[in-house]
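Please keep the sequence and the coordinates in view while reading.

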Amino acid sequence: MTSEPIRVAIADDQQLVRLGLRMVLDAQPDIEVVAEAEDGEEAVAIARSTELDVLLMDVRMPRLDGIGATERIVSQGPRPGILVLTTFDLDEYAFAALRAGASGFLLKDALPSDLLTAIRAVHAGDAVLAPSVTRRMIAQFAAPAPAARPPSAALATLTPREREVFAAIAEGLTNDEIAERFFLAPSTVKTHIGRLLQKLGARDRVQLVILAYETGVVGG
């Protein structure tokens, strides 16, 4: 018995990039590339008209960039998971795309195995935040950050342990690393994260990272 393949679309204005990504993805039995887009406008149209699970979104594209395209797709309601493709010098744009509702970001020079893992993770409903990249990216925004917003009522409901886990997520730690730091079982970490998502009204792990820095739980 086999499950349906993960339906992926590729949005990038460079044909060679799309070709290279397609070659990697088409070689996987559980992934199927169902559409390609040359710009953000096409990406939005594809997301609206095609059954998709994951959309690989470049940041800088003509007519409509990846940030604007992500915002439009998210506003349409039920949507594919959006995985933003970026490079270190485009971290600021990637961060904006995450705020717009993307499920994560990946460097364009990532290994094929990392790309495949990221696509499967997004399809499974997880956020893709490579710890090393997260720390470097967040540092750019934490250093010059303005005064933190006053803690919301939701933050006041967090237990001390939930607050510790919240801060650890913002550092880019994985569930296993959080479990090791606080001497917790991995299942307990998942429980804490589930409660954080519920209490803070966050969509996913990406939003938790953003919220942690915006509210001054970490950084600044």
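With which residue does R18 form a salt bridge? The partner is E36, and the closest N and O atoms of the two are 2.9 Å apart. A salt bridge here is a side-chain nitrogen of Lys or Arg within 4 Å of a carboxyl oxygen of Asp or Glu. R18 lies in helix α1 (residues 15–26) and E36 in strand β2 (residues 31–37), so the pair ties together parts that are 18 residues apart in sequence. Helices (H or I, at least four residues) and strands (E, at least two) are DSSP runs, numbered from the N terminus.

This is a predicted model, in which local features need pLDDT of at least 70 and side-chain atom pairs count only at pLDDT 80 or more, while totals for chains, interfaces and linings use all residues. Residues are numbered from 1 along each chain as its sequence is written, and side-chain values use heavy atoms, with hydrogens and water left out.

R18 counts as buried, at 7% relative accessibility, whereas E36 counts as partly exposed, at 29%. Buried means under 20% relative accessible area, exposed means over 50%, and partly exposed lies in between (1.4 Å probe, protein chains only). A search of the whole structure finds 12 salt bridges. As a general point, side chains of opposite charge can pair when their charged atoms come close.

A further salt bridge joins E41 and R72, with the closest N and O atoms 3.2 Å apart. This pair links distant parts of the chain, as E41 is in helix α2 (residues 40–49) and R72 in helix α3 (residues 66–75), 31 residues apart. Both are partly exposed: E41 has a relative accessibility of 26%, and R72 has a relative accessible area of 37%.

R161 is partly exposed at 29% relative accessibility, and E164 is partly exposed with a relative accessible area of 36%. The buried residues of α8 are E162, V165, F166, A167, A168, I169 and A170. After α8 comes G172, whose phi is positive, near 95°.

Strand β4 (residues 81–86) and β5 pair in the parallel sense over four bridges; two strands pair if DSSP finds at least two bridges between them. Within this pairing, L85 stands opposite L106 in β5. From β5 (residues 104–107), G104 and L106 point one way and F105 and L107 the other way, and all are buried.

The protein chain has 11 helices and five strands, and buried residues make up 46% of its 220 residues. Among contacts (heavy atoms within 4.5 Å) between residues at least 6 apart in sequence, 66% join residues at least 24 apart.
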